[in-house]
Amino acid sequence: MERVTAGGVLQLALAGAGVLLLFRILTRLRPGASLQDAVVVITGASSGLGKECARVFHAAGARLVLCGRDAARLQQVVQELTASSTGSQQQTHIPSTVVFDLADRDTVDGAAQEILRCHGHVDVLISNAGISYRGNILDTHISVQRDVMETNYFGPIALTQALLPSMVRRRSGHVVVISSVQGKIAIPFRSAYAASKHATQAYFDCLRAEVERYGIHVSVISPGYIRTNLSVNAVTGDGSKYGVLDRNTAQGRDPAHVAQAVLKAVRQRSKDVVLAGPLPSLAIYLRTLWPALFFKLMSSRACKEQKPKDE
Ligand SMILES: NC(=O)c1ccc[n+]([C@@H]2O[C@H](COP(=O)([O-])OP(=O)(O)OC[C@H]3O[C@@H](n4cnc5c(N)ncnc54)[C@H](OP(=O)(O)O)[C@@H]3O)[C@@H](O)[C@H]2O)c1
């Protein structure tokens, strides 16, 4: 039998790394799917990242269906987009709107049918709507934990499941979900939010594997902090509004840049995208490779942020 030398192993490892690098370069160079006339549904399109996604997909020529709870705010977005189209090189379309509350289980099926009636089918569903939470688990009512799950998890999966049969029949479709770095790691005082995003990651990873055979793509996008009103709109342990623009959120990424990354993920059919700086990215690896250190860092962060209740 031939002896395996250290040099041989090194050569094999280098060849493997080369093949991997080539594969990554080729997938990046792959021409992106065209979005001209594609039917793109965006939830949470009235503000923040959803509104920016509406801008970039509109400019790319997509036929948009914008969703949210507030008809007037959605109409305002439609007007802004329509006004911005004048002089555009791309052929653009006036967006449609569908108003519904993702946390209201009884309305989601009806909303899905209304969405389908807009253009007869859906090419891309961008499940973006969400709510955040700030609070200590000891002081948080279980109903708040449930409410956050309804908006961030049960509502989006109910909408996805209501739209999927039409995608399966057409053997085509793309489901994009805006998760968070907190879908990969859990940080203290964000229990409801991190739990809902972890559940989101798991559900859409299962979905990806199950529907690939029908030509349906699934992308999970996990951004770090984005400069939006997410923390202002967050709920606290007693269900009241947090109402504060956190420093991290205020210093977060420009939502317009994140929206461009969502567009790129759709064009390249990326499966899992983390949009975060070096520290959160390192933390994600640490959680898997060195969990003891990660847990220590999280408990010291919790101690710094809040004194124990009996102190
Ligand atoms: N900002 C960040 O730092 C950050 C980081 C990572 C991930 N994300 C994720 O990015 C997504 C967008 O958030 P954002 O930062 O753009 O915050 P945002 O400005 O507060 O936008 C949230 C959107 O969700 C909609 N929404 C909230 N509850 C809803 C419900 N029950 N039914 C239907 N729509 C609902 C809101 O619309 P209406 O109030 O008009 O209904 C609003 O358009 C969320 O999934 C969030 O978790 C944000």
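Predicted model: local features only at pLDDT ≥ 70, side-chain atom pairs only at ≥ 80, totals over all residues.
**Overall fold**

The protein has 311 residues, of which 34% are buried. Its secondary structure comprises 10 helices and nine strands. Of the contacts between residues at least 6 apart in sequence, 73% link residues at least 24 apart.

**The sheet**

Seven strands make up an open sheet with parallel pairing, in the order S3-S2-S1-S4-S6-S7-S9. Strand S3 (96–99) and strand S9 (272–275) are the edge strands, each pairing on one side only. On average, neighbouring strands of this sheet are turned by 15° against each other, direction ignored. Strands of a sheet pair through backbone hydrogen bonds, either parallel or antiparallel. Strand S1 (residues 39–43) pairs with strand S4 (residues 124–127) in the parallel sense, over three bridges. Val41 has Leu125 in S4 as its bridge partner.

| Helix | Strands | Angle |
|---|---|---|
| H3 (residues 71–84) | S2 (63–68) and S3 | about 165° to S3 |
| H5 | S4, S6 (173–178) and S7 (216–223) | about 170° with S4 |

**Helices H4 and H5**

Two packed helices are described by the angle between their axes and the distance between the axes. For helix H4 (residues 105–119) and H5, the angle is about 40° and the axes are 9 Å apart. The crossing of H4 and H5 is right-handed. On the H4 side, the contact involves Arg105, Val108, Asp109, Ala112, Ile115 and Leu116, while H5 contributes Gly155, Ala158, Leu159, Ala162, Leu163 and Ser166. By class, this contact of H4 with H5 holds eight nonpolar, two polar and two charged residues.

**Val144**

Helix H5 (residues 142–170) also contains Val144. Val144 counts as buried because it has 20 C-beta neighbours inside 10 Å. Apart from its neighbours within four places in sequence, Val144 contacts Ala192, Val235, Gly237 and Gly239. Ser240 is 96 residues from Val144 along the chain, and the C-alpha atoms of the two are separated by 9.5 Å.

**The ligand shell**

The ligand is surrounded by 30 residues, the closest being Gly44, Gly48, Arg69, Gly130 and Thr228. By class, the residues of this shell are 10 nonpolar, 16 polar and four charged. Helix H2 (residues 48–59) supplies the largest share of the shell, three residues.

How values were computed. Residues numbered from 1 in each chain as written. Near = placed C-beta within 6 Å. Helix = DSSP H or I, 4+ residues; strand = E, 2+ residues; numbered from the N terminus. Nonpolar A, V, L, I, M, F, W, Y, C, P; charged D, E, K, R; others polar. Buried ≥ 20, exposed ≤ 12 C-beta atoms within 10 Å, placed from the backbone. Contact = placed C-beta atoms within 7 Å. Axes fitted to C-alpha atoms, helices over the stretch in contact; angles between N-to-C directions. Left-handed = near helix turned anticlockwise from the far one by under 90°. Pairing = 2+ DSSP bridges.
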